Structures are given as C-alpha cells and as structure tokens.
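User: I'm new to this one and would like a quick tour. Can you put it up on the screen?

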Amino acid sequence: RVVVNLRSCRWEVVEKAVLGLRWEIAEDDKADWDLTWTDTSVSEERVMRLKRHQRINHFAGMASLARKTSMARTLGRVAERLPAEFAFMPRSFCLPGEAG
C-alpha cells in the first residue's frame, strides 16, 4: 500500500494517476505518507525532514535547472570547463544583462 500526500497539488491528473494505481490519498498532512506531490519548490530543510521511506517529487535546488535563465547560467559554467562535451549546446544569453 502506497499513501500519497496531495495537499500541495492542484493538478487533477496527478490524483487520477494515484487512484489509477490504486494507491491511497492521505487525508491530511499529518498522515504517514510515502510520497508527497507538490507544485512548489522544496527547501533543503523540508527534504532533510523526510523520513527514510518518504519521497517527494522535487529536490532541493532544482530551480537552478528548472528555470531557463538559471539553467543557461549553470550549463554555461559547465560548458566553460568541458567545452568538447558541451559543443552541442547552442550559445545562450540572459537578457538584458548579456546583450551585446
């Protein structure tokens, strides 16, 4: 039996998927859930408070990859150190700061 906390999820499709898998939806935040699905970013503190069996659909710091400007900066820094491995990547700009 898998118990899923959907208290911070507004997407009906996630609930349908959980029910389609015949998993149980937690009645409240205090329930001993196995998975929580949230629509917002997650702090490192929240991740650290997870019990050993609990999982969450985000990871701390994922905004650095999920937001286009942050991802462009992060990949740009890596590409500077590993130019051959990142030759496939088109040049990106974070406007207006990198204009011209």
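Analyst: Here is a rule to start with. A salt bridge is a side-chain nitrogen of Lys or Arg within 4 Å of a carboxyl oxygen of Asp or Glu. This is a predicted model.

User: How many salt bridges does that rule give?

Analyst: The count comes to four salt bridges. One of them joins Lys-16 and Glu-12, where the closest N and O atoms are 3.4 Å apart.

User: Why are Lys-16 and Glu-12 separated by about one helical turn?

Analyst: Because they are four residues apart in helix α1. Lys-16 counts as exposed, at 54% relative accessibility. Glu-12 is also exposed, at 53%.

User: Which salt bridge does Asp-39 form?

Analyst: Asp-39 pairs with Arg-10, and their closest N and O atoms are 4.0 Å apart. This pair links distant parts of the chain, 29 residues apart. Asp-39 sits in the loop between β3 and α2, while Arg-10 sits in the loop between β1 and α1.

User: Is Arg-10 buried or exposed?

Analyst: Arg-10 is exposed, at 63% relative accessibility. Asp-39 is partly exposed, with a relative accessible area of 25%.

User: What does Lys-51 pair with?

Analyst: Lys-51 forms a salt bridge with Asp-32, with 3.4 Å between the closest N and O atoms. That pair also links distant parts of the chain, 19 residues apart. Lys-51 is in the loop between α2 and β4, and Asp-32 is in the loop between β2 and β3. Lys-51 is partly exposed at 47%. Asp-32 is partly exposed at 46%.

User: What about Asp-34? Where is that?

Analyst: Asp-34 is found in the loop between β2 and β3. Asp-34 is buried, yet has no salt bridge.

User: How far away is the nearest side chain of opposite charge?

Analyst: That is Arg-1, 6.0 Å away. A salt bridge needs the atoms within 4 Å. Asp-34 does touch Arg-1, along with Val-2, Val-3, His-53, Gln-54 and Arg-55, not counting residues up to four places away in sequence.

User: Let's zoom out. What is the order of the elements?

Analyst: From the N terminus on, they run β-α-β-β-α-β-α-α. That comes to four helices and four strands.

User: Why is the protein called more spread out than a compact globule?

Analyst: Because its radius of gyration is 19 Å, well over the 13 Å that the globule rule gives for 100 residues. The C-alpha trace spans about 55 × 25 × 25 Å along its principal axes.

User: How much of the protein is buried?

Analyst: Buried residues make up 20% of the 100 residues. The protein exposes about 8,100 Å², and carbon and sulfur atoms supply 55% of that area.

User: Back to single residues. Where does Asn-5 lie?

Analyst: Asn-5 lies in strand β1. At 3% relative accessibility, Asn-5 counts as buried. The Asn-5 side chain reaches the backbone nitrogen of Arg-7 at 2.9 Å.

User: Last one. Is Leu-65 buried, exposed or partly exposed?

Analyst: Leu-65 is partly exposed, at 43%. Leu-65 has its place in helix α3. Setting aside neighbours within four places in sequence, Leu-65 is in contact with Phe-59, Met-71 and Thr-74.

How values were computed: Residues numbered from 1 in each chain as written. Predicted model: local features only at pLDDT ≥ 70, side-chain atom pairs only at ≥ 80, totals over all residues. Heavy atoms only, no water. Helix = DSSP H or I, 4+ residues; strand = E, 2+ residues; numbered from the N terminus. Buried < 20%, exposed > 50% of the residue type's maximum accessible area, 1.4 Å probe, protein only. Polar contact = N/O pair within 3.5 Å; in protein donor to acceptor, adjacent residues only side chain to side chain. Lys, Arg positive; Asp, Glu negative; His and termini not counted. Contact = heavy atoms within 4.5 Å. Rg over C-alpha atoms; globule rule 2.2 N^0.38 Å. Areas by Shrake-Rupley, 256 points an atom, 1.4 Å probe, with all protein chains shown as cover.
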